[in-house]
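Visitor: Could you walk me through how to read the strands, helices and rings in a model like this one?
Guide: Gladly; let us take the sheet to begin with and then turn to the rings.

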Amino acid sequence: MGISHYLKEIGRGVRGARALTREQAADLFAQVLDGSVSDLEIGAFCLAMRIKGETAAEMAGFLDATEARLNAFPASDRPLVVLPSYNGARKLPVLTPLLALLLAREGLPVLLHGMRTEARRVTAQEVLLALYIPALEAPEKIANGTLAHISTAQLQPGLARLLAVREVVGLRNPGHSVAKLIAPSTGPTLLVGSYTHPEYLEVLCGTCALRGMNALLSRGLEGEVCADPRRAPRYDAFVHGQHLPVQAQQPGTAPEVPGLPSSIDAASTAHYTRAVLAGALPIPPALAQQVEYIVQLSRKVASNTSAARTA
């Protein structure tokens, strides 16, 4: 046991590092999650991968190990829409709770999961608490038209520990990518994923294809999965691993978003969220479009899942 032989492969710098196979990546990550390696080895793994970057096969292996160890939710009656939320608000209010509640209003079961990974950002979880939506203590079946949220530690404690390494090292690690790609349910899911850097889209697409995922990918708002309310981004969908281009990047940026608060604190964001849901303020067109795409894709996932079961 141990991961030193893997560190020798991935830790040789940008030019000398070698990619792991999917099986090797799964074994390495399993040992990290299970806590069977030292803190020094974990630090070396995080820094080596930060320099080298993950391949799609490595990401698939990391996810294989993680999902085998998840405290998964029971299957919902419709595909569970999964919204990972790990970045929070930095300059603009975090609108992931608004996206989640708009999707629930469409009759979808919605799960938001995450944890604080940067001290100075306002999290979606804080906004949900300001909306008087408590976090779950353990996974349970999520009904249609319902939003639930849960902390990463309740889903996979080892993954939460890995994410917390950022507080010590100061850099993101593969755990941050893994957390945004997990599908914590025993039934069909639809992951809403995001990326900050366009070059990472290739890795995301490759991972979704390798693992046969259902997902809608776009460039989100400051690392969150909700659309930037000022822009119409590119969307790429995956249904059982098959790539379906949805929308190309649209030019232009809206000069303002009616009613969007200038403050990013949880109370102001919760007030704005309530106003939009009540119809007192308009839904930002970018979010309305994102909701429409997710609803359409959810129907396609449900249809394909049903067809696969009867084939």
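Predicted model: local features only at pLDDT ≥ 70, side-chain atom pairs only at ≥ 80, totals over all residues.

**Reading the sheet and the aromatic pairs**

Visitor: How do strands of a sheet pair?
Guide: They pair through backbone hydrogen bonds, either parallel or antiparallel. Here, an open sheet of seven strands runs in the order β3-β2-β1-β4-β5-β6-β7, and its pairing is mixed.

Visitor: Which strands stand at the edges, and why is one side of each left without a neighbour?
Guide: Those are β3 (147-151) and β7 (242-247). Each has a single partner strand, so one of its sides has no neighbour in the sheet. From one strand to the next, the twist averages 20 degrees.

Visitor: In what sense do β5 and β6 pair?
Guide: Strand β5 (residues 215-219) pairs with β6 in the antiparallel sense, over four bridges.

Visitor: Which strands does helix α6 lie across?
Guide: Helix α6 (residues 96-105) lies across β1 (80-85), β2 (110-114) and β3, and runs at about 175 degrees to β1. Helix α12 (residues 200-210) lies across β4 (189-195), β5 and β6, with an angle of about 180 degrees to β5.

Visitor: Now the rings. How many aromatic pairs does a search of the whole structure find?
Guide: The search finds four. One of them joins Phe29 and Phe45. Their planes are 65 degrees apart, and because over 60 counts as edge-to-face, the pair gets that label. The centre-to-centre distance is 6.2 Å.

Visitor: Where in the chain do Phe29 and Phe45 sit?
Guide: Phe29 belongs to helix α3 (residues 22-34) and Phe45 to helix α4 (residues 39-52), so the pair links distant parts of the chain, 16 residues apart. Phe29 is buried, at a relative accessible area of 0%, and Phe45 is buried too, also at 0%.

Visitor: What pair do Tyr235 and Tyr293 form?
Guide: That pair is edge-to-face, with 5.2 Å centre to centre and 65 degrees between the planes. It links Tyr235 in strand β6 (residues 235-239) with Tyr293 in helix α14 (residues 285-310), 58 residues apart.

Visitor: Are Tyr235 and Tyr293 buried or exposed?
Guide: Tyr235 counts as buried at 1% relative accessibility. Tyr293, at 14%, counts as buried because the cut-off is under 20%.

Visitor: Which residues form one aromatic cluster?
Guide: Phe29, Phe45 and Phe62 do.

Terms used. Residues numbered from 1 in each chain as written. Heavy atoms only, no water. Phe/Tyr/Trp six-rings, centres within 6.5 Å; stacked < 30°, edge-to-face > 60°. Helix = DSSP H or I, 4+ residues; strand = E, 2+ residues; numbered from the N terminus. Buried < 20%, exposed > 50% of the residue type's maximum accessible area, 1.4 Å probe, protein only. Pairing = 2+ DSSP bridges. Axes fitted to C-alpha atoms, helices over the stretch in contact; angles between N-to-C directions. Contact = heavy atoms within 4.5 Å.
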